[in-house]
Amino acid sequence: MASLNVGGLGEYLREQRRSAQLSLRQLADAAGVSNPYLSQIERGLRKPSAEILQQIAKALRISAETLYVQAGILDERDRGEVETRGVILADPTLDERQKQVLLQIYESFRKENGYGVDDGSTGAPGGAGARRAEGGGPSAGGEGLAGTAEAS
């Protein structure tokens with residue numbers, strides 16, 4: 001079954017690379033991996049580590065979590081939460097404090113709706129669990145929102 005995930009990952013990577021109008025060599029250079037290794041990943045012959053997937057995602061300017069799901073590293077049900085966090089963290093218009101405040105607010109709403117800290121995604125690559133642990137409780141999110149509005 002792992003080979004099916006790897007094949008699906010390879011096809012997905014090839015689609016993303018072509019959409020970005022990058023040659024195999026250009027993507028390999030941008031991601032810091034060898035051209036033959038990337039070719040083997042695309043053909044489903046190699047299963048890259050989460051770290052390599054993160055480098056490739058950065059080069060393609062896509063979510064690493066999307067690649068984790070394609071590779072079978074991350075469960076599909078965790079994808080929405082992780083992608084939401086990724087979008088917040090990747091937003092260049094927000095400073096680090098604002099990003100952390102948004103994550104705190106997001107987590108407080110998830111908890112309020114019954115999706116607690118231990119919902120099965122704490123071990124996700126990219127540190128979703130670690131970010132969650134830094135986030136604080138629901139009251140921190142509410143206070144952070146007021147502080148953000150006043151500070152902006």
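Before we start clicking, a word on helices: they are DSSP runs of H or I with at least four residues, strands are E runs of at least two, and both are numbered from the N terminus. What you're looking at is a predicted model, where local features need pLDDT of at least 70, side-chain atom pairs count only at pLDDT 80 or more, and totals for chains, interfaces and linings use all residues. Residues are numbered from 1 along each chain as its sequence is written, and side-chain values use heavy atoms, with hydrogens and water left out.

First stop: select Arg61, in the loop between α4 (50-60) and α5 (64-71). Its phi is positive, near 60°, and Arg61 isn't a glycine. Most residues other than glycine have a negative phi. Arg61 is also exposed (over 50% relative accessible area; buried is under 20%, partly exposed in between, with a 1.4 Å probe and protein chains only), at 78%.

Now hop to Gln21, in the loop between α1 (2-19) and α2 (24-31). Here's another non-glycine residue with a positive phi, near 55°. Gln21 is exposed too, at 69% relative accessible area.

Next, select α3, residues 35-42. Which of its residues are buried? Color Leu38, Ser39, Ile41 and Glu42: those are the ones. Look down the axis of α3 and these buried residues fall within an arc of 160°, so they line one face of the helix. (The arc is taken from the directions from the helix axis to the C-beta atoms.)

Stay for both ends of α3. At its start, show Ser34: a side-chain oxygen comes within 3.1 Å of the backbone nitrogen of Tyr37. After α3 comes Gly44, with a positive phi near 80°.

Technical notes:
A polar contact is a pair of N or O atoms within 3.5 Å; within protein, one must be able to donate a hydrogen and the other to accept it, and residues adjacent in sequence count only if both atoms are side-chain atoms.
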